[in-house]
Amino acid sequence: MSSDCFLIIEDQKSIASLLKSELEKLTSRPIYLADTMAKAKQIISSGKNIAVCLSDLHLADSANGEIVHYLKSQHITTVVLTGSFKEETREEMFRLKVADYVIKDTLSSSRYAVGITHRLYKNAQREVWMLSSTNHNSSMILGMLRNHRFKVSLYEHSSELLSDLENTVPSLVVIDGVQTDATNNAFELTKKVRDTFSQNHLPIIVCEDSKNITEAIKLMKYGVNDFFNTNFTPEEFYARVNQNIEQAETYQAIERLSQTDALTGLYNRGYFFEAGNTQFKKIQQQEGYFFTLMADIDHFKAVNDTHGHQKGDEAIVFTAHSLQTIFANYLVARFGGEEFCVFGAIEDTSEVEDLCEKLRHTIETESEKQTGVKFTISQGITFSGNDLDDAVSKADKALYESKESGRNKVTTEF
């Protein structure tokens, strides 16, 4: 099966070249060019898996927009480029369910067209959940979301949505109508979602008639991000959906940068304590068991001094990758320099001790092969602590004992 690709249909070579160049900045997927409807048909019939098409409306062999009808018949998501705007053209485009249409009059409009084309491709990995039981807008909203390639799930009961939310977090929740019955109480749903997810982590938008705008505004005070009227236009709907999803994704990207170490991609010390303290409290409430591990590359200064800082960085990255792989089910962080920490809930102490030995053996036997420098790692582990700070302190004390007693070993502090 062929991989996803893009198709640009444009009869002006300079514009086609510009569109392709701009799209190549956003994706590594193959991009095919066609300057006639006949060539477009040839590319499509060859078996290429066209994910999204950016097409001129009027071509030499498609003077009346026949290309759009053809692309619709092939079920290809399409963004239309047109040289001029007419209301009848707009209505025709949305009747044909094109994803968007753009007036190709400036460089910025061409870049917008490329941007929406790439966004439509990414939408196939974005989930949108909608809650609705009776509102007549549901089928239209579902169709519009699917037309933009979103993975859409419809819920008739808020309890089902909340249950699924325990395992999966969608990109957006749409509430079709401010429902207040016991089964689908929009206020209760929003409150429960916001108990776990902020507006930046899971945006919610609501559709409501202007007669009930007071209820919609009240719902926004409960934590809904946005509101749109039942007499919405396609442009307004898509703008609100895209804006809320992209704002959340931008926030989360910035948040990840603030939480992670730039060199290794592991969590940093600050986030370790933020997330770890939350985990620690849950473990205490459940009267469970936990472990805390401190690990440190042996003689790291000698690695830097003898082989250079580049090799030192490679040693840190290899160690980080080994920790992340071996302790994949736990919270792993780089504390700074060559020091790392791991924390998590456990049922069996011997299982964690085995993982520590696996890490020790991996570093000892694979470091030279992976980095060109042979080195080892010392570890300190504890299964106790009054709080996370205390547990880290005990693990650090055990690490010190490993260093003092010869390195390349695991010491447990009880």
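Select Glu-347, Asp-348, Glu-351, Glu-353 and Asp-354: together they form a negative surface patch in this predicted model. Asp-354 belongs to helix α14, which covers residues 349-371. Its relative accessible area is 52%, so it counts as exposed, the cut-off for that word being over 50%.

Next, the salt bridges. Side chains of opposite charge can pair when their charged atoms come close. The count for this model is 22 salt bridges.

Show the side chains of Glu-22 and Arg-111, which meet in a salt bridge with 3.5 Å from N to O. Glu-22 is in helix α1 (residues 13-24) and Arg-111 in helix α5 (residues 107-123), so this pair ties together parts that are 89 residues apart in sequence. Arg-111, at 42%, is partly exposed.

Move to helix α4 (residues 87-95), where Arg-95 and Glu-92 sit 3 residues apart, about one turn of the helix. Their side chains form a salt bridge of 2.8 Å, N to O. Glu-92 is partly exposed at 25% relative accessibility.

Then select Glu-314 and Lys-311 in helix α13 (residues 309-326); they too are 3 residues apart, about one turn of the helix. The closest N and O atoms of this salt bridge are 3.3 Å apart. Glu-314 is partly exposed at 26% relative accessibility, and Lys-311 is also partly exposed at 26%.

Key. Residues are numbered from 1 along each chain as its sequence is written. This is a predicted model: local features need pLDDT of at least 70, side-chain atom pairs count only at pLDDT 80 or more; totals for chains, interfaces and linings use all residues. Side-chain values use heavy atoms; hydrogens and water are left out. Patches are made of residues with over 30% relative accessible area and no salt bridge: like charges are joined within 9 Å, nonpolar side chains (Val, Leu, Ile, Met, Phe, Trp, Tyr) within 5 Å. Accessible areas come from the Shrake-Rupley method with a 1.4 Å probe; for residues, only the protein chains shown count as cover. A salt bridge is a side-chain nitrogen of Lys or Arg within 4 Å of a carboxyl oxygen of Asp or Glu. Lys and Arg count as positive and Asp and Glu as negative; His and the chain ends are not counted. The place of a charge is taken as NZ of Lys, CZ of Arg, CG of Asp or CD of Glu. Helices (H or I, at least four residues) and strands (E, at least two) are DSSP runs, numbered from the N terminus. Buried means under 20% relative accessible area, exposed over 50%, partly exposed in between (1.4 Å probe, protein chains only).
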